[in-house]
Amino acid sequence: MTQPQNRFAIIPARGELDTEAGEFWYENPFMITAAGENLSAYERNRTFINLGELRFIDASFASGADIDSDSRSVVTGDFNRDGAIDLLVASAGGGPLRLFLNRIPDAGNRIQVTLVGTQSNRAGIGARVEIRTGDRRIIRDLFPVNSFMGQSPPEMIIGIGQADSIDYLNVRWPDGSTQEFRDVSANQHITITEGQTNYATRPAQSPTGRSSG
């Protein structure tokens with residue numbers, strides 16, 4: 001549309017339509033819903049597992065998340081509090097929310113981080129967490145993903161492979177201030193409060209549903 005704010009604009013089709021393939025054209029987009037047409041596109045969802053080093057494996061069918069639906073909203077989070085990140089999917093046109101629980105076998109260690117801002121915003125959104133274990137460097141920015149009509153929770157669950165501890169953990173808050181911690185044990189949930197020299201700890205949840213650590 002060259003005139004999207006003109007409800008009376010008439011834009012003719014630019015070529016022949018393949019009606020057998022489901023193509024249609026209305027000279028004014030405001031006529032689409034009145035005619036009962038639907039722009040929803042039903043395609044199977046895709047799920048990929050990050051293998052590291054820019055390699056991914058297509059686990060769509062194996063995950064069961066490859067539903068044939070017009071999915072618009074995907075929220076990631078640990079919904080059953082077992083330490084593994086799950087998926088909550090909503091689709092256009094109503095219908096149930098679908099929760100896909102993460103059942104991938106536990107193959108490594110992790111650290112769960114909660115940030116509490118004092119000078120910055122309370123949830124620490126916009127902060128950057130840098131972790132170093134041996135020669136491995138991991139960076140996570142706390143920007144809860146916003147999808148269509150959905151937002152992921154401001155939590156960080158960071159996999160650290162087979163490392164038993166974190167050599168170095170740095171938090172850079174939105175105002176530019178930093179906090180550094182060293183020799184942080186794996187498989188625990190730490191709460192870092194902006195400006196405090198120590199962090200609070202509690203055992204992290206494992207994918208078996210039992211506390212670890």
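**Salt bridges, sheets and a patch**

Tutor: Arg 46 is exposed, with a relative accessible area of 53%. Keep in mind that this is a predicted model.

Student: What does Arg 46 form a salt bridge with?

Tutor: Its partner is Asp 58, and the closest N and O atoms are 2.4 Å apart.

Student: Which parts does that pair tie together?

Tutor: Arg 46 is in the loop between strand 1 (43-44) and strand 2 (48-52), while Asp 58 is in strand 3, so the pair links parts that are 12 residues apart in sequence.

Student: And is Asp 58 buried or partly exposed?

Tutor: Asp 58 counts as partly exposed, at 40% relative accessibility.

Student: How many salt bridges does the structure hold?

Tutor: There are 5. One of them joins Arg 132 to Glu 130, with 2.8 Å between the closest N and O atoms. Another joins Glu 130 to Arg 137, where that distance is 2.9 Å.

Student: How do strand 8 and strand 16 run, parallel or antiparallel?

Tutor: Strand 8 (residues 109-116) and strand 16 (residues 188-193) run parallel and are joined by 5 bridges. Thr 114 stands opposite Thr 191 in strand 16.

Student: What about the open sheet that 3 strands form?

Tutor: That sheet has the order 5-6-7, with antiparallel pairing. Its edge strands are strand 5 (71-77) and strand 7 (98-100). The twist averages 20° from one strand to the next.

Student: How many bridges join strand 6 to strand 7?

Tutor: 3 bridges join them. Leu 87 has Phe 100, in strand 7, as its bridge partner.

Student: Last one. Which residues make the nonpolar surface patch?

Tutor: Ile 49, Leu 51, Ile 57 and Ile 104 make the patch, which is about 330 Å². Ile 57 lies in strand 3 (residues 55-58). Ile 57 is partly exposed, with a relative accessible area of 41%.

Conventions. Residues numbered from 1 in each chain as written. Predicted model: local features only at pLDDT ≥ 70, side-chain atom pairs only at ≥ 80, totals over all residues. Heavy atoms only, no water. Patch = residues over 30% accessible without salt bridge, like charges linked within 9 Å, V, L, I, M, F, W, Y side chains within 5 Å. Areas by Shrake-Rupley, 256 points an atom, 1.4 Å probe, with all protein chains shown as cover. Salt bridge = Lys/Arg side-chain N within 4 Å of Asp/Glu carboxyl O. Helix = DSSP H or I, 4+ residues; strand = E, 2+ residues; numbered from the N terminus. Buried < 20%, exposed > 50% of the residue type's maximum accessible area, 1.4 Å probe, protein only. Pairing = 2+ DSSP bridges. Axes fitted to C-alpha atoms, helices over the stretch in contact; angles between N-to-C directions.
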